[in-house]
Amino acid sequence: MKIVIVGGGTAGWLSALYMSLFNKDMNNEVVLIESSKIPIIGAGEGSTGILSRTIKGNFLDMGIDETQFLYNTEATQKMGLHCKDWNGIGNDFYSPLQPTDTALGSTDFDLLVSMCMGNYYDGSPAGYLLANGYSSYGTSKADIGAGASYHFDAYKVGEYFKSIALKQGVKCIDTEVTSLNRNSLNGKLESIETTTGKIDADFWIDCSGFSRVLIGPMGGGWKSFSEHLIVNAAIPYIHEFEKNEDIKLETLAWAQPNGWMWQIPTQKRYGCGYVYSDMFTTYDKAVDELMKTTGRKIEPLRNLKFDSGRLEKSWISNVVGIGLSAGFVEPLEATSIHSTVVQLDMLLASCLNFKYDIDITSYDTIIDLYNKHFQKMFDDFTSLIQIHYISQREDTDFWKYCKYEMKKTDKIKEILEICKFRSPSGQDFDVYHGGIGWGVWCWVMVGMGILTKDIAYKTLNSYSLKKCNSNSEIDETFRNHFNRIKQRNSIFKIKAMTSKEFIKALIDKKLPK
């Protein structure tokens with residue numbers, strides 16, 4: 001089978017690597033088309049825990065050593081998000097990557113007890129380490145069991161995956177697609193015309209980003225999320241570290257007058273940007289806002305426009321759109337690479353098993369199930385992102401619109417109703433590969449003041465055999481529970497490197513194995 005991938009970058013080269021490794025004994029020909037004429041930004045990007053699990057070979061042996069990945073991509077760790085000013089100026093909260101141990105249960109005891117008796121993020125080892133300036137690397141061991149992922153320059157990560165894929169036999173052609181040639185009877189894509197000639201294939205993967213050069217003409221369609229997510233432009237830029245700056249292993253998401261700013265540390269500098277809504281400000285005004293808020297001189301790399309949404313069908317016949325080609329909400333929860341990995345996992349594990357002589361592209365049911373999976377996943381991403389904008393801020397027209405006029409998703413409406421009388425739990429969310437469950441939602445819900453301490457008390461009290469007479473009288477059972485959480489966190493702290501120690505070991509290339 002000949003597989004052609006259109007588009008390089010992280011999504012394209014990760015797809016090439018997956019395709020070259022999965023069922024590699026079948027001698028499939030894998031070709032990637034990319035154009036050296038297309039500019040690459042590489043300002044800075046973060047990921048979810050699913051990328052770290054992929055790098056470590058949890059699904060497929062990628063042949064990647066995590067420390068070498070960190071060294072070669074100038075990446076750092078990401079322990080979670082630091083959300084600043086989202087529910088009002090001076091209102092900060094942490095959103096660690098690791099959920100609590102009880103997040104999937106009918107009641108998230110670790111979260112609720114931590115809310116009532118300490119800091120809500122104490123419920124997760126990663127939350128505790130994040131807030132106290134630690135990594136998930138131990139002083140003598142790489143992984144101490146606290147969830148983490150990566151910050152990186154996306155261009156360097158794409159190039160790293162490329163170097164490995166080329167060693168696996170993937171062919172690379174520098175050219176651009178000019179037109180498509182489809183079979184008039186069955187609609188399959190048979191070949192493409194490029195600036196350097198004709199290329200044919202049996203199966204195609206579109207990683208061309210917002211251009212969607214394959215899946216667009218195939219009839220992928222588009223569902224916009226603009227009624228739920230109103231930011232639609234981004235201004236990326238680079239900011240150098242200050243001398244002797246203590247680099248934190250966090251994505252800073254700083255709410256601004258008309259959107260929010262990201263700040264992501266790589267080993268050498270910050271990748272930054274302002275995600276804003278052009279309904280409420282202009283590019284020039286957005287740059288001025290950013291300089292005023294941060295006190296920095298900003299030199300934008302470009303002004304990116306985007307439409308939050310997804311394909312109606314990410315797989316049509318023998319063409320699949322992956323990465324930005326399939327959909328994009330906005331950068332806030334790092335869902336782009338997350339969705340890429342999930343798509344590749346599902347495509348190869350459930351569909352393209354090359355060891356059997358079966359033309360899977362003729363099985364409409366399999367393709368429909370795949371499409372429904374990713375329709376739901378992107379729709380759920382939209383709700384998760386939108387909950388950040390359910391804010392009490394009214395200091396600008398942007399935030400007033402978010403509070404009073406922005407159309408809420410059905411999932412948001414449901415969760416807001418639940419929070420009026422109890423805490424949500426793992427049982428209130430669908431569980432599926434790549435899905436966003438309560439373990440991610442809870443941090444934002446608490447930080448935004450949607451899940452309150454009062455509701456936490458009442459939910460805990462409903463499970464207590466000895467009822468509390470007031471909010472201050474927590475049942476002894478829960479006191480003991482919190483003491484166990486504190487003891488666990490103190491053990492993690494003893495094992496872990498500080499952020500400063502981790503960054504030094506990373507730059508010196510002396511990370512423990």
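Reader: What volume does the second largest pocket have?
Author: The volume of the second largest pocket is about 1000 Å³ in this predicted model. A pocket is an open set of points on a 1 Å grid where a 1.4 Å probe fits, with protein on both sides within 12 Å along at least five of seven lines; lining residues have an atom within 4 Å of a point.

Reader: Which lining residues are closest to its centre?
Author: They are G49, R53, L97, P99 and V440, out of 49 lining residues. Helix 2 (49-55) and helix 12 (438-447) are among the elements that each supply at least two residues of the lining. Helices are DSSP runs of H or I with at least four residues, strands are E runs of at least two.

Reader: What about numbering and confidence?
Author: Residues are numbered from 1 along each chain as its sequence is written. In this predicted model, local features need pLDDT of at least 70 and side-chain atom pairs pLDDT 80 or more, while totals for chains, interfaces and linings use all residues, and side-chain values use heavy atoms, without hydrogens and water.

Reader: Turning to the sheet of 3 strands, what is its order?
Author: The open sheet runs 10-11-12 with antiparallel pairing, where pairing requires at least two DSSP bridges. Strand 10 (177-182) and strand 12 (197-200) each have a single partner strand, so one side of each lacks a neighbour in the sheet.

Reader: How many bridges join strand 11 and strand 12?
Author: Strand 11 (residues 189-194) pairs with strand 12 over 4 bridges. I192 has I199 in strand 12 as its bridge partner.

Reader: And how many helices and strands does the chain have?
Author: The chain has 15 helices and 24 strands.

Notes: Grid points are joined across faces, edges and corners, and a volume is the space filled by probe spheres set on the points.
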